[in-house]
Amino acid sequence: VAVLALSACGPAVEEVGGFQIPAIKEGKFNVAMVLIGPHDDGGWSQAHYDGLLYVEENVDDVNVAYIENVPEGADSEQVFRSLARKGFDLILGTSYGFMDPMEIVAGEYPDTMFVHLTGIKSNFTNFGNLMGAMEDMKYLAGMLAGARAKLDGNPKLGYMATFPIPEEIRLGNAIALGMKVTCPECTMDVRWINTWHDPVVEREAAASLFAAGAQVVFTGADTPAVADVAQELGKWGVTYDWYGSCKVDACLTAPYWVWGPIYANIAEQIIAGTYVPGFEYFDAETGALGLYGFMEGQELTSGVAELPAEVIQQVRDILAQMLAGEFTR
């Protein structure tokens, strides 16, 4: 278990319940991030960590810190309470199961702003909800995966889903809708793995889906394990969350997040006294959503480059509409 202030010469930390709680820096706007996995997991947590670094580099007079590998439930409640007691101005909780603990602690510390990722609750005063329309990018990835499966002569996809919550169901449906555009005959098998971050379980679930006949497998979990397994088996994987997750030849693409500008905007609003927490749900025109291989400066992966030109152009056209705010969920 680790917690670090991002400055090497930052203030001392104290241990609470096995977690090290960093101190604030007086005179600064202090931001703390709580992560479900390691900050360098190659997926979800790393994307948020990159966003925190962006805040540190782009918001004036800010001090940032993070705590990683925090389980959902009672442990996270203790961590949120300790950070609030320390005096952090903004506390970011980046996993669905942090929702109820954050709500409880927010009620105890009305002068601290809490922002929760992926959940369904807000108190509209100091506890807000934040998420984006990743279904946009999952839909496009589903189009690519369907076309790949069709080209390979094996019209079967797999979806390694985490928990049966609205987010995962919504994203799985988006994949299937995209798949049907380019491969009407395709089907999609689903495995519920009931974890956000477990590289071993993720590998096993991916292998199970491939063994059951899937040609392309998507993940809703936090590591790039699905592509690593695909590489070993001569199949295709679609990773998630972080732009750097699509790093092996068998990775078809990766829908990913760019949290930095979103977090910086929230921090600046809080500093200015204009932030009103509620339910913020952003679309692709914010620049906070990406599809690996298709964004500015990126090259198509080998698995996508082989697809019919008309499919690639169709994905480019819809993506352009999304980025212009003309094609939404």
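The structure is a predicted model, in which local features need pLDDT of at least 70 and side-chain atom pairs count only at pLDDT 80 or more, while totals for chains, interfaces and linings use all residues. Residues are numbered from 1 along each chain as its sequence is written, and side-chain values use heavy atoms, with hydrogens and water left out. Helices (H or I, at least four residues) and strands (E, at least two) are DSSP runs, numbered from the N terminus.

Helix α4 (residues 135-151) packs with helix α10 (residues 309-323) at an angle of about 175 degrees, and their axes lie 10 Å apart. Here, axes are lines fitted to C-alpha atoms, for helices over the stretch in contact, and angles run from 0 to 180 degrees between N-to-C directions. The two helices, α4 and α10, are therefore roughly antiparallel (angles over 145 degrees; under 35 count as roughly parallel, 65 to 115 as roughly perpendicular and the rest as oblique). On the α4 side, the contact (heavy atoms within 4.5 Å) is made by Asp136, Met137, Tyr139, Leu140, Met143, Leu144 and Ala147, and on the α10 side by Val311, Gln314, Val315, Ile318, Leu319 and Met322. These residues of the contact of α4 with α10 comprise 11 nonpolar, one polar and one charged. Ala, Val, Leu, Ile, Met, Phe, Trp, Tyr, Cys and Pro count as nonpolar, Asp, Glu, Lys and Arg as charged, and the others, Gly among them, as polar.

With helix α5 (residues 166-182), the axis of α4 comes within 6 Å and crosses at roughly 45 degrees. That angle makes α4 oblique to α5. Residues of α4 that meet α5 include Gly142, Gly146 and Lys150, and their partners in α5 include Arg170, Ala174 and Gly178. The contact of α4 with α5 divides into nine nonpolar, four polar and four charged residues.

Threonine 94 sits in the loop between β6 (90-93) and α3 (99-108). Threonine 94 has a relative accessible area of 0% and is buried (under 20%, with exposed over 50% and partly exposed in between, using a 1.4 Å probe and protein chains only). Its side chain reaches the backbone oxygen of valine 34 at 2.9 Å. Not counting residues up to four places away in sequence, threonine 94 touches Met33, Val34, Leu35, Ile36, Trp44, His48, Leu117 and Tyr263.

In helix α7 (residues 225-233), the buried residues are Ala225, Val226, Ala227, Val229 and Ala230. Their cover includes β9 (156-161), α6 (199-211), β11 (216-219), β12 (236-238) and β13 (251-253). Glycine 234 follows α7 and has a positive phi, near 75 degrees.

Technical notes:
A polar contact is a pair of N or O atoms within 3.5 Å; within protein, one must be able to donate a hydrogen and the other to accept it, and residues adjacent in sequence count only if both atoms are side-chain atoms.
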